[in-house]
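Dear colleague,

Please find below the structure that I am handing over to you. My notes on it follow directly after.

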Amino acid sequence: MKASTPLTKNIGPENIAATIEQYQANGGYAGLKKALSTMQPNDVVETVQAANLRGRGGAGFNTGLKWSFVPRGEGSPATKYLVCNADEMEPGTFKDRLLMERDPHQLIEGMIISAYGIEAVRAYIFIRGEYHLAADRLEHAIEEAYEHGYLGHNICGTKFSLDLYVHRSAGNYICGEETALLNALEGKRANPRAKPPFPQVSGLWGKPTVVNNVETLCNISHIIANGPEWYRGLGKGADAGTKLFGVSGRVKNPGTWELPMGTSIREIIELHAGGMQDGYKLKAFLPGGGSTDFLGPEHLDLPMDYDAIGKAGSRMGTGTMIILDDKTCPIGMVRNLMRFFAKESCGFCTPCRDGLPWVEKILTDIEQGKGSVRELDQLAQQVWNMRPGNTFCALAPGAAEPLQSALKMFRKEFLDHIERGCCPYEAAETRFVGA
Amino acid sequence: MARTIEKAVTVEPEIIAREKVPGPYANYLTAQEKAEIDHEIPRYETKRAVGIDALKIVQKYRGWISDDTLKAVAEYLSLSVAELEGVATFYTLIFREPVGRQVIYYCDSVSCWIMGGEQVRAKLEEHLGIKPGETTADGEYTLIPIQCLGDCDKAPVMMVGEQMHRHLSCEKIREIFAGENA
């Protein structure tokens with residue numbers, strides 16, 4: 001069966017996980033059987049590359065191309081690893097939780113096929129420690145997969161063997177950075193590593209390793225079962241496939257929906273999310289989580305494509321949007337984001353460790369009406385200090401994105417706070433939630 | 001990034017098996033704790049990798065990681081205490097000081113903030129009589145802010161122990177703690 005929403009076809013309104021029987025009855029594990037019986041590992045890599053699946057964790061790199069950098073075949077290191085990045089902690093992102101809690105076998109099948117493609121012998125799901133239900137359901141589903149011969153020795157009667165483990169992390173956003181994640185899996189502090197070498201060549205315990213996001217891996221079984229042409233055809237525009245898009249903030253119907261890549265932002269916010277709540281207007285939004293640049297109402301007709309959002313000066317990121325309404329203080333929102341990044345810095349690079357708390361302090365002063373115009377220049381200076389290439393990893397450049405766009409987009413609001421000497425918006429402590 | 005600062009050191013020498021001489025903490029961990037730690041060991045290439053899991057396992061039974069607990073886990077896994085302390089203090093879900101029987105993690109990230117998370121925090125503080133980072137006098141609850149809990153369409157949210165609470169309001173906070181004297 002070729003569903004137009006393959007990722008969520010087993011997900012109903014109730015918060016229960018699809019069992020292995022339900023999953024198989026709806027076409028599950030057909031992709032794995034097809035891969036193992038009719039395809040060589042390299043065919044899997046080439047098929048995924050041809051499907052133009054791009055990483056759903058935020059960076060948008062071609063997944064098959066990423067895999068192709070792994071040394072494979074004769075003479076390559078015998079031990080290779082596949083790691084699923086399930087450390088979903090990007091502010092405003094709530095898509096991987098859904099996929100893992102409600103259809104764990106989809107992720108597991110995707111991982112087995114991917115491991116076959118990159119010739120991995122062991123795979124890990126690195127899940128954030130707070131996702132108890134998702135981890136429990138994954139562990140249960142992994143047991144089912146072992147019982148059915150989809151994991152362990154000689155999978156489906158072939159020579160391919162794979163072990164899959166769930167690693168429950170102990171917190172910290174930085175673990176979502178792939179090299180920091182590998183250090184965390186090795187039992188170390190989660191400081192990012194210098195690249196190169198890239199993990200595909202020297203990753204977990206120095207062995208070739210691929211790290212992919214949950215949603216990315218969930219696409220694999222469908223691509224193998226239905227072919228790359230079918231997958232590319234699912235997208236509306238330049239990008240292939242479907243994607244989980246989400247909206248949070250003051251909209252009527254916040255949630256997550258699987259929609260074709262290239263669906264317009266307007267359709268997502270106004271149709272699926274039901275538009276703004278009565279009495280609120282859309283002021284701006286972050287298109288793909290806390291580390292993307294603000295876009296405004298003038299961008300509503302853009303398609304959610306990696307390149308289209310990039311050209312508008314932001315990033316599609318995780319595809320889960322955060323809406324800023326006209327009654328919420330934009331300075332307060334940016335201050336909240338900067339506090340997050342300041343807290344989550346691993347402390348290794350100076351612009352991040354020292355710059356972000358400084359940014360947070362300046363923003364707090366401005367929000368409280370104690371700021372000065374000169375401090376706006378200091379904020380711009382900090383953005384420059386946190387630019388890509390100035391730090392080991394992308395945390396600081398990511399933090400700079402909402403800040404730099406806020407400085408441009410909300411200049412009037414910044415000046416308003418400074419000139420009035422107070423916040424013109426209602427205080428966060430008294431807003432919205434009823435007594 | 002275009003520059004190479006240093007070659008990442010990724011190959012870790014296997015911990016050399018030593019003659020087992022019972023250390024000062026040989027009898028500190030319970031049989032159950034040791035069994036659960038042993039269960040994790042074959043899943044990783046080095047014992048060092050089990051450190052985080054081991055701390056979480058022991059914390060599950062003891063509530064937090066005391067200096068003695070840390071030393072016992074380090075000894076059991078043949079790790080240096082300093083190395084394990086570095087790990088224990090890095091991760092937010094490992095507690096190096098006592099916490100209440102239940103930890104209340106309220107989300108303080110952006111979507112919850114927009115949807116009234118600050119008011120939820122204020123209500124929790126008022127109801128429990130403590131500030132974030134503190135524990136109630138009866139030792140029942142510790143209040144801790146947490147990074148985005150990934151339930152943003154149901155904001156504001158919090159997690160009490162392992163239980164998620166969504167669509168929070170002051171009324172709902174009262175309901176959740178109804179019948180308790182916290």
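In chain B, what share of the contacts with a separation of 6 or more comes from residues 24 or more positions apart? The share is 61%, where two residues are in contact if their C-beta atoms, placed from the backbone, lie within 7 Å.

Please note that this is a predicted model, in which local features need pLDDT of at least 70 and side-chain atom pairs count only at pLDDT 80 or more, while totals for chains, interfaces and linings use all residues. Residues are numbered from 1 along each chain as its sequence is written, and chains are lettered from A and ligands numbered from 1 in the order in which they are written.

Chain B

Chain B has 7 helices and 4 strands; helices (H or I, at least four residues) and strands (E, at least two) are DSSP runs, numbered from the N terminus. Their order along the sequence is α-α-α-α-β-α-α-β-β-β-α. Chain B is split into domain 1 (13-98) and domain 2 (102-176), with bounds that come from an automatic or database domain assignment. The centres of these two domains, taken over C-alpha atoms, are 30 Å apart. Of the 182 residues of chain B, 41% are buried, that is, 20 or more other C-beta atoms lie within 10 Å of their own, with C-beta atoms placed from the backbone.

Chain A

Chain A comprises domain 1 (6-234), domain 2 (238-326) and domain 3 (328-435). The centres of domain 2 and domain 3 of chain A, taken over C-alpha atoms, are separated by 22 Å. Their contact involves 11 residues from domain 2 of chain A and 13 residues from domain 3 of chain A. On the domain 2 side, β7 (282-286) and β8 (320-325) of chain A are the elements that give two or more residues, and β7(A) supplies the largest share, 3 residues.

Helix α17 of chain A

Helix α17 of chain A covers residues 395-409. Among the buried residues are A:Leu395, A:Glu401 and A:Pro402. The buried residues of α17(A) pack against β7, α13 (330-344), α14 (350-353), α15 (355-367) and α16 (373-385) of chain A.

Yours sincerely

Note on methods:
A residue is buried if 20 or more other C-beta atoms lie within 10 Å of its own, exposed if 12 or fewer, and partly exposed in between; C-beta atoms are placed from the backbone. The expected span of a helix is 1.5 Å times one less than its number of residues.
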